[in-house]
Amino acid sequence: MASGQKMDDLADRVHALVEKAPKLISPRAHGWLDYLTTAGFLAAGLALGRRDRRALALALSQAGFVLGYSLFTDYPLALRRVIPFPVHARLDLAQAALAAGLPELLGAAGGGFFRGQAVNELMVLLMTDFHGQRPAARRQLTLVGGETSMPRAISRLERWSWLGAGGVLVAAALRRRSKASLPLAAAGALMLQQAARRTRTHPARVEHGEERVVRALAILRSPEELYRAWSDPEMLARFLPHVESVTARHSRHLEWRLRTSFGRALRWETEVTSSQPDELISWRTVAGTPLCDAATIRFRRGAPDRGTIVELEMITANTRAGWRATVAGILGESPTQMAREGLRRCKQYMETGEIATITGQPAGPRTAAAKFARRFDPNFDLSTVRPGAAA
Amino acid sequence: MKALCWFGKQKVRVEDVADPRILNPRDAIVRVTRTAICGSDLHLYDGYIPTMEAGDILGHEFMGEVVEVGPGVRNLRPGDRVVVPFPIACGNCFFCRRGLWSACDNSNPNAWITEKLYGYPASALFGYSHMMGGYAGGQAQFVRVPFADVGPIKIESDLSDEKVLFLSDIFPTGYMAAENCEIQPGDTVAVWGCGPVGQLAIMSAKKLLGAQCVIAIDRIPERLRMARERAGADMVLNYEEEPDVVEGLKQRTAGLGPDAVIDAVGMEAHANTLPGISDELKQKLRLSIDRPTVLRQVLQACRKCGTASIPGVYGGFVDKFPFGAVFGKGLKIRTGQTHAHRYLRPLLEKIERGEADPSFVITHRFALAEAPQAYEMFVNKRDECIKVVLDPWTATQAAA
């Protein structure tokens, strides 16, 4: 996490430098330039398309990308003002990276044009006045982080743009292996770092700097049976995805071991803070690196023949969210997934006596990528790829 | 064992793969004696169903002999001859308890995908993409059957495999499509698509549920012939000769329109009309998952306050859905994955009593090893192909 902090500082320093450049381009002018860029890409597509289909596809997709987010940016020339202008700036940067890196990666013609276009866009970015018009926009951006001292949160659109752009730059740098590789790779890494920022949380879910996830599911079993199951450490390990083991240390203390899809082991210890038979159990983390800081499970009898309403609440202190947690979050390993899949697996087991699985069934030859992707399936048994991992 | 695996659009191969084994207490392993290629397998073959992965074993219509059962299966024993319904249902959840088997809550390990897509998770199916559970299918020599104490039906009579095989999917599907029409004496039912499900919907409507008149719609001569001569259709309509289908039906029903309409076509409809061509183009460009050409026609053609029954498969968002016609005419829409488990016993009894024999749809028989050619033939409707049955245990089998 320390390296993450350094990277954030670096990003901030770059930002400060950018702020110093002369701001000659107004938002309206920037809008015109965006539409001009779209037209430029279309023209390039027409010119290059006859020679090279890949260049055509590239030019068209770039045109579509720029046009797409420009139409929805909060500036005078948009169709709907949805995307804050500063976010637009980041999308521009991501787009420039794509334009610079993709021709190299795809082996498309017209690399010179695309790279030139990328440089051109960087200049425009430097000279655009992003804050002059609407000072409010800046505060709006740091939506959640504003009041508390959390790192800036980002939207999904921004995340995927950074991921794509950074990935392309790093890949292009690796393929190229020239003098330009190092700065290219560094820029790409910086962008990937941006992608790993916390996703913006809906303000309603944040209270006193804590994030709450609540999920409920009706299960056709009595509160008594469900309470008993959730009191049994063995059952907890069975229900919660990727949890390898839960062991009772001494009365009221449990030790949890979880393996993430990337193979990283997490270990933490909880104590039971409240336990009311057939009604609820609450845990609080007392040591280690947990997936969440506190959790409560509640049981409430539902309507006749509708079983018991089981509600799982997980609370995470926001300050804890480092980039690893965020990367895990992108791929699904998060309190949200834990609550959703944990309840689903509990329901399957309590209603049918087993948890539905396809791990271990036959299949034709799989690609390496598919095999790797399988690990991110919340119901995949990770011990099958890492023998002995459960030990 | 040998199994038919999917590797991409129009790419299937028979591979040597590991034998399936019991993974959960309520599993059974079945040695497949007969399996079939379903029309809905062609949507996978053509690459229109998302979340398929290279190496997936296809097939959801199969039957065979139980060779092994898990400790939780008490009603089956090795040696039992069974037909396995294509949805996987637990028998314990809210939906299974209400007989809504294909809405089972507990069988899909990848429930989160359809939960995102449709709001609530779908039950699992055999061999039908990872969003539908990712279970290996039955176009193989052996198959693992989860919740084997709930799904498979034992065949205790000496009926041939071919007579009972279609209990696995197309017979219950055709029957439920007709049942959803709530046929009253004197009713006319129009059926779009004379593939296997359409044929069995026609047969069910006419011979089992007492429709006065059934009109079959297709463009392939041999399919229309089978509908009239074998399934029991009273009239046929070839939309290539009579492009205005709605008008054609109006004439055949004296201006009233069919009381019920069945769309047994689904997402890959054909039509040589402007909307038909535009739908094909949109699907090719991946702007749309479905080609709802028939769906629109069906809703347009149905009489006021009639019923539209839709067994055809749709996967995503449908463009220009004529909801005005649905509202304006007060139509009832009945659709969904077949609750196959519900129909196994009653339809088996009908076969045993000789009241129904769904095997008339079979036109081709192949060995499993020849399945890739069989898919190619079926998708192109070559050699008057309507329904293919595969034998997993012979080396080759001349097309019969």
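**Entry 1: a surface patch on chain B**

I looked up I333(B) and found its place in strand β16 of chain B, which covers residues 332–335. The model I am reading is a predicted one. I then asked how exposed I333(B) is: its relative accessibility is 34%, so I recorded I333(B) as partly exposed. I noted next that I333(B) belongs to a nonpolar patch on the surface, together with F321(B), F323(B) and F327(B). The accessible area of these residues together is about 420 Å².

**Entry 2: an open sheet in chain B**

I turned to the strands β2, β1 and β4 of chain B and found that these 3 strands form an open sheet in the order β2-β1-β4. The pairing in this sheet is antiparallel. I asked why one side of β2 and of β4 in chain B lacks a neighbour in the sheet. β2 (11–16) and β4 (56–57) stand at the edges, and each has a single partner strand, so one side of each is left without a neighbour.

I then followed strand β1 of chain B, residues 2–8, which is joined to β2(B) by 6 bridges, the two running antiparallel.

I kept a general point in mind: most residues other than glycine have a negative phi.

D383(B) lies in the loop that runs between α13 and β18 (388–391) of chain B. I recorded D383(B) as exposed, because its relative accessibility is 52% and the class of exposed residues begins over 50%.

E182(B) is not a glycine, yet I read a positive phi of about 45° for it. I located E182(B) in the loop between α5 (170–179) and β11 (188–192) of chain B.

**Entry 3: antiparallel strands in chain A**

I moved to chain A and began with strand β5, residues 265–276, which runs antiparallel to strand β6, residues 280–288, with 8 bridges joining them. I asked which residue of β6(A) is the bridge partner of T270(A). The partner is T285(A). The hairpin of β5(A) and β6(A) has 3 residues between the strands, and there I found D278(A) with a positive phi near 65°.

I continued to strand β7 of chain A, residues 294–301, which pairs with β6(A) in the antiparallel sense over 5 bridges. L280(A) has R298(A) of β7(A) as its bridge partner. I noted that the hairpin from β6(A) to β7(A) passes through 5 residues.

Lastly I looked up strand β8 of chain A, residues 308–317, which pairs with β7(A) over 8 bridges, again in the antiparallel sense. For R300(A), I recorded I309(A) in β8(A) as the bridge partner. In the hairpin of β7(A) and β8(A), with 6 residues between the strands, D305(A) takes a positive phi near 65°.

Conventions:
Residues numbered from 1 in each chain as written. Chains lettered and ligands numbered in written order. Predicted model: local features only at pLDDT ≥ 70, side-chain atom pairs only at ≥ 80, totals over all residues. Heavy atoms only, no water. Pairing = 2+ DSSP bridges. Helix = DSSP H or I, 4+ residues; strand = E, 2+ residues; numbered from the N terminus. Patch = residues over 30% accessible without salt bridge, like charges linked within 9 Å, V, L, I, M, F, W, Y side chains within 5 Å. Areas by Shrake-Rupley, 256 points an atom, 1.4 Å probe, with all protein chains shown as cover. Salt bridge = Lys/Arg side-chain N within 4 Å of Asp/Glu carboxyl O. Buried < 20%, exposed > 50% of the residue type's maximum accessible area, 1.4 Å probe, protein only.
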